[in-house]
Amino acid sequence: MTRSTPRTALVTGAARGIGAAVARRLAADGLSVALVDLDEASCDSVVKEIHDAGGRALGCGVDVADESAVHAAIERIDSELGEPTVLVNNAGILRDNLLFKMSVEDWDAVMNVHLRGSFLMTRAVQEYMTTAGWGRIVNLSSTSALGNRGQANYAAAKAGIQGFTKTLAIELGKFGITANAIAPGFIETEMTMATAERVGVTFDDFKSAVTKQIPVGRGGLPDDIAHAVSFFVSEDAGYVSGQVLYVAGGPAA
Ligand code: NAI
């Protein structure tokens, strides 16, 4: 990879799980990284790890669904770290339930974080990207976009992310900006640990049941996703845009 220009990446939901692995990886790739999560202090340990490894990082407490907080955070990132021209929309929540038991609040909460949050972040950051004539947007979808029992809200949001991504690729391509989506299968994080707890099984039992269905015979790790993000963000990936990459240990679609 050739990287002559210093770049600043903004990663949402970066305090833990996939977002934390993406932040570490992009920092190791040489980018300055703004870690955005609900609570600034929750980003401290990953920020410290990046600093200790010689990288540049900044933690920001922001609810991605809050328009004014998003704008304030992006201005701070621009002045303290550099103009954000890489965006990874990763923040996410689950509010699983069968359709007949799903509340309007749980529907709205999932739509707000995944879709409204990605929209607000992308709309705010595209200005820096178009001015720079270069940008990379990576959005986290999921294999659940293909349909998953108990996840009408989440599946709709993750399918929506795919349409959003392809539209960004079409609208922003002429400014040197690419937009791609990564759709992970099962990844070992606190999100999947919470799912195991909700269905009343230990994480080990949950993992071994899921792993039986995965062709490569193991569960995914946050670094598996970080590696794919690193590729989409790389300087040489400028002709790859509007794609959905399933990172699921086998063919998911
Ligand atoms: P996680 O639950 O471990 O971490 C999510 C992070 O997002 C947390 O740090 C949380 O505080 C943050 N967050 C939630 N709402 C936010 C908001 N409104 N504003 C800012 N930050 C917020 O989740 P995980 O597993 O790391 O997932 C990351 C992304 O990958 C999510 O979009 C998820 O839907 C997606 N994904 C995860 C899979 C898995 O198996 N773990 C599979 C497919 C997709």
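In this predicted model, a nitrogen atom of the ligand sits 3.1 Å from a polar backbone atom of V64. D37 brings a side-chain N or O atom to 2.6 Å from a ligand oxygen. T189 places a polar side-chain atom 2.5 Å from an oxygen of the ligand. The ligand on its own has 830 Å² of accessible area, and the protein covers 93% of that.

| Residue | Part of the residue | Ligand atom | Distance |
|---|---|---|---|
| V64 | backbone | nitrogen | 3.1 Å |
| D37 | side chain | oxygen | 2.6 Å |
| T189 | side chain | oxygen | 2.5 Å |

Now take the whole shell. The ligand is surrounded by 28 residues, and R16, D37, N90, Y154 and T189 are the closest. By class, 13 are nonpolar, ten are polar and five are charged.

Where do these residues come from? Helix 1 (17-28), helix 4 (104-132), helix 5 (152-172) and helix 6 (190-199) each give at least two. Helix 6 has the largest share, with three residues. Both domain 1 (8-185 + 222-247) and domain 2 (188-219) contribute at least three residues each.

Next, the cysteines. A disulfide is a covalent bond between the sulfur atoms of two cysteines. How many disulfides does a search of the whole structure find? The count is zero. C43 is buried, at 0% relative accessibility. C60 is buried too, with a relative accessible area of 1%.

Notes. Residues numbered from 1 in each chain as written. Predicted model: local features only at pLDDT ≥ 70, side-chain atom pairs only at ≥ 80, totals over all residues. Heavy atoms only, no water. Near = heavy atom within 4 Å. Polar contact = N/O pair within 3.5 Å; in protein donor to acceptor, adjacent residues only side chain to side chain. Areas by Shrake-Rupley, 256 points an atom, 1.4 Å probe, with all protein chains shown as cover. Helix = DSSP H or I, 4+ residues; strand = E, 2+ residues; numbered from the N terminus. Nonpolar A, V, L, I, M, F, W, Y, C, P; charged D, E, K, R; others polar. Domains from an automatic or database assignment. Disulfide = S-S within 2.5 Å. Buried < 20%, exposed > 50% of the residue type's maximum accessible area, 1.4 Å probe, protein only.
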